[in-house]
Amino acid sequence: MGLLEEKIAVVTGVANKRSIAWGIARAFDREGAQLVLTYQTDRFLENLQKLVPELSHTPQLVPLDVSDDDSLAQLTDAVRARYDAVHVLVHSIAHADANDLSGRFLDTSRAGYHLAQDVSAYSLTALVRSLHPLLIQAGRASVITMTHLGSVRVMPNYNVMGVAKAALESSVRYLAYDLGREGIRVNAISAGPIKTLAASGVKGISTALHSTVEKAPIPENITTEDVGNAAVFLASPWSERITGMILYVDSGSHILGF
Ligand SMILES: NC(=O)c1ccc[n+]([C@@H]2O[C@H](COP(=O)([O-])OP(=O)(O)OC[C@H]3O[C@@H](n4cnc5c(N)ncnc54)[C@H](O)[C@@H]3O)[C@@H](O)[C@H]2O)c1
């Protein structure tokens, strides 16, 4: 019997097989969850259609653009048409203008700042708001988002995304406070560097991967499977009274002072 048997899990952010969200989807599937997977564009739908045969339960596939309120409402309608409740919601989405992910943070434009905040931080609140009635119906639900150490420490080139992740982590705490009485927990996983589509947009990802192996307490890079297993913990009853927390899955890099 899996840890997520009979649970409905909405997992956003699978772009391809390297996506962190795909590692989470596979771990949830292994534990018996029934998945709803969202995709941003038709290009990503094609990738998803190639991947889903790897899952043991056929997922529902729904388009989602988190910057569009109608799209968020359509996701909720599509899920409600099939299920009475959502037990787990995974937000694994981020985007910033490539020009803002290198050079100096000082040069961030107003438009670039707004874009990063809207897609990478506000989208968590927007998604939770939209699915709120279905999360309440679960009785006990778990919301999980993805963050990075660049929210609290300076990571060269991460720039506007670090500021967006700081807002995202603060949102986790405020949402956890608002929703705890309704049985909804909200946590984040702060992942070490993984070579994904989004990560390749940040200049210096190879240096970050190299420096984990060189300096982290556990001298190994993390995998999407590691994140998937941590997400299973946060989604399952084993973490029932944990909320508002940032769980580091980064081979211990966050404890370093050098
Ligand atoms: N890869 C890393 O090193 C790393 C480390 C820590 C945290 N993260 C975070 O993990 C999350 C997933 O990123 P990833 O590394 O798996 O990369 P990825 O490129 O595989 O996933 C990013 C996803 O965001 C989606 N997205 C972007 N804009 C969207 C929009 N407007 N509407 C809906 N979806 C949208 C993309 O379609 C894609 O599926 C992000 O929040 C990222 O910041 C990544």
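Glu6 sits in the segment before β1. The model is predicted. In it, Glu6 has a positive phi of about 65°, although Glu6 is not a glycine. Most residues other than glycine have a negative phi. Is Glu6 buried or exposed? Glu6 is exposed, because 10 other C-beta atoms lie within 10 Å and the cut-off for exposed is 12 or fewer.

Ser251 also calls for a look at its backbone. This residue lies in the segment after β7 (246-249). Its phi is positive, about 55°, and Ser251 is not a glycine. Ser251 has 19 other C-beta atoms within 10 Å, so it counts as partly exposed. Buried would take 20 or more.

Strand β4 covers residues 88-91. What lies on each of its faces? Val88 and Val90 are on one side, Leu89 and His91 are on the other, and all are buried. Both faces of β4 are therefore covered. In a regular strand the side chains alternate between the two faces of the sheet.

β4 pairs with strand β1 (residues 8-11) through 3 bridges, and the two run parallel. In this pairing, Val11 stands opposite Val90 of β4. β4 also pairs with strand β5 (residues 141-147), again parallel, through 4 bridges. Here Leu89 stands opposite Val143 of β5. Between β4 and β5 the chain passes through helix α4 (residues 110-137), and this β-α-β crossover is right-handed.

## Helix α4 and Arg110

Arg110 belongs to helix α4. Arg110 has 7 other C-beta atoms within 10 Å, so it is exposed. How far apart are Arg110 and Arg30? They are 80 residues apart in sequence, and 43 Å apart in space, C-alpha to C-alpha.

Strand β2 (residues 34-39) and strand β3 (residues 60-63) are joined by 4 bridges and run parallel. Thr38 stands opposite Val62 in β3. With helix α2 (residues 42-51), β2 and β3 make a β-α-β unit, and its hand is right.

## The nonpolar core

The largest nonpolar core has 72 residues. Which of them touch the most other members? They are Ala9, Val11, Phe28 and Ala231. Val11 is also the residue that stands opposite Val90 in β4.

Leaving out residues up to four places away in sequence, Ala231 touches Ile24, Ala27, Val90, Ile144 and Ile189.

## The ligand shell

There are 27 residues around the ligand. Ser19, Ala94, Thr196, Leu197 and Ala198 come nearest. α1 (20-30), β5 and α6 (197-200) are the elements that give two or more residues to this shell. Which element gives the largest share? It is α6, with 3 residues.

Note on methods: Residues numbered from 1 in each chain as written. Predicted model: local features only at pLDDT ≥ 70, side-chain atom pairs only at ≥ 80, totals over all residues. Pairing = 2+ DSSP bridges. Right-handed = clockwise from strand over helix to strand, strands pointing away. Near = placed C-beta within 6 Å. Core = buried A, V, L, I, M, F, W, Y, C linked by C-beta atoms within 7 Å. Contact = placed C-beta atoms within 7 Å.
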